[in-house]
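Let's take a friendly walk through a protein model together. Have the sequence and the 3D view ready, and look up each part as we reach it.

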Amino acid sequence: MGAIVAIVGRPNVGKSTFFNRLIQRREAIVDAVSGVTRDRHYGKSDWNGKEFSIIDTGGYVVGSDDVFEKEIDRQVELAIEEADAIIFMVDVETGVTGMDEDVAKLLRRVKKPVFLAVNKVDNAKRAEDAVEFYSLGLGEYFTLSSINGGGSGELLDALVEKLPDVVEEESELPRFAVVGRPNAGKSSFINALIGEDRYIVTDIAGTTRDSIDTKYNRFGFEFNLVDTAGIRRKAKVKEDLEFYSVMRSVRAIEHCDVCILMLDATRGFDGQVENIFWLAQRNHKGIVILVNKWDLVEDKETNTIKHYTQKIKKAIEPFTDVPILFVSVLTKQRIFKAIETAVEVYNNRNKKIITRKFNETMLPIIENYPPPAYKGKFVKIKFCTQLPTPYPQFAFFCNLPQYVREPYKRYLENKIREEYDFSGVPITVFMRKK
């Protein structure tokens with residue numbers, strides 16, 4: 001689990017270009033998830049062995065100049081509140097603008113690391129022009145070119161040096177994060193779980209600000225609930241809400257073992273919910289999908305649940321081995337079944353398969369359907385094992401790993417799921433040289 005870095009600045013200074021360069025630096029880095037909040041992006045990157053999350057705060061809705069500046073102020077304030085470090089990007093072509101000065105005024109009061117990045121510096125003349133950005137009062141600046149990557153190494157070296165060394169808290173208890181859109185019923189779900197008798201041992205201040213770990217001990221289950229229900233609409237703020245949601249979701253997801261993804265049955269599995277799902281999947285977390293407010297869905301028929309489930313599974317292909325429960329928090333319908341399922345998913349995520357038994361199971365399957373020949377080369381898989389990682393990853397050792405295509409890796413994953421119960425848990429399959 002890494003720190004969060006926010007890229008702030010006015011539009012058209014190259015934030016998104018720089019963001020895309022960071023997340024595409026190497027194959028292991030996850031692609032951007034756009035649409036968790038409208039026109040904003042989340043991705044993961046690493047530099048010098050330190051992993052961190054990137055939030056691109058681009059895509060403001062422009063009304064008038066006044067509204068525009070208020071929007072920028074709100075975005076920067078939210079980034080300041082949630083991020084561990086901030087990259088403030090400006091454009092050497094236009095020089096210092098009034099909007100740059102407004103953002104700088106906010107950032108000068110910040111106790112967190114702020115890195116002034118002067119973009120579009122791709123020749124010596126522009127490097128000289130960048131000197132005027134000293135006037136922003138943020139100290140040293142970094143010159144770079146988002147387009148060709150020039151100078152980005154120096155910025156990233158300085159950035160990762162200042163990022164906190166985030167250490168996962170050792171806890172014997174599972175951590176379940178309740179995530180989803182605002183107004184999906186997350187608060188009500190947590191209140192229904194803890195019940196009127198208040199079976200709470202203690203409230204522990206979370207590792208992230210405004211996130212509370214509630215220790216739950218009831219009906220034979222014991223775990224920490226990571227409450228993300230504190231996402232609230234600030235006064236007269238509309239566009240902020242979505243951005244605030246994703247910042248909190250990133251934090252909550254990275255700090256948990258299992259994500260309980262809650263959606264409103266009357267709104268459906270929309271784009272924002274889908275992208276929070278992929279956020280959890282790409283962080284290798286266990287996932288349980290709860291379709292809440294099922295009691296409000298009208299005209300239910302015998303196959304309504306089946307059709308609704310098929311629609312969700314279509315949206316989350318190819319990772320369809322995910323529990324989907326239809327609940328009503330208001331009537332407490334199936335909410336304890338949801339907890340039972342989350343515990344099962346947690347156990348699946350921590351499942352370890354003995355190497356000998358794994359080979360006894362998988363090698364005959366591979367022998368019956370070996371990898372297709374590629375460029376006239378025949379791949380022979382001789383050995384396989386589960387890797388000693390916090391979540392299920394499997395290595396298959398063969399003579400030509402580079403010739404094993406993605407469809408065959410998916411075939412292996414599906415066979416693993418058929419033989420072993422990994423419901424709700426992302427699986428990673430690696431091909432390695434024998």
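This is a predicted model: local features need pLDDT of at least 70, side-chain atom pairs count only at pLDDT 80 or more; totals for chains, interfaces and linings use all residues.

Residues are numbered from 1 along each chain as its sequence is written, and side-chain values use heavy atoms, leaving out hydrogens and water.

**The whole protein**

The protein has twelve helices and 17 strands; these are DSSP runs (helices: H or I, at least four residues; strands: E, at least two), numbered from the N terminus. Of its 434 residues, 53% count as buried, where buried means under 20% relative accessible area with a 1.4 Å probe, protein chains only. Among contacts (heavy atoms within 4.5 Å) with a separation of 6 or more, 71% join residues 24 or more positions apart.

**Around strand β13**

How many residues of strand β13 are buried? Seven of the seven residues in β13 (286-292) are, so this strand is largely enclosed by the rest of the structure. G286, V288, L290 and N292 point one way, whereas I287, I289 and V291 point the other way. In a regular strand the side chains alternate between the two faces of the sheet.

Strand β13 has parallel pairings with β12 and with β14; two strands pair if DSSP finds at least two bridges between them. The table lists these pairings along with one from the sheet we visit next.

| Strands | Sense | Bridges | A bridge pair |
|---|---|---|---|
| β12 (258-264) and β13 | parallel | seven bridges | D264 and N292 |
| β13 and β14 (324-326) | parallel | three bridges | I289 and I324 |
| β16 (393-398) and β17 | parallel | six bridges | C398 and K433 |

From β12 the chain crosses through helix α8 (residues 271-282) to β13, and this β-α-β crossover is right-handed: with the strands pointing away from the viewer, the path from the first strand over the helix to the second runs clockwise.

**The sheet of β15, β16 and β17**

Three strands form an open sheet with mixed pairing, in the order β15-β16-β17. Its edge strands are β15 (381-386) and β17 (428-433), each pairing on one side only.

Helices accompany this sheet. Helix α11 (residues 355-368) lies across β15 and β16 and runs at about 140° to β15; angles run from 0 to 180 degrees between N-to-C directions, with axes fitted to C-alpha atoms, for helices over the stretch in contact. Helix α12 (residues 406-419) touches β15, β16 and β17 as it packs on the sheet, and its direction makes about 120° with that of β17.

Terms used:
Buried means under 20% relative accessible area, exposed over 50%, partly exposed in between (1.4 Å probe, protein chains only).
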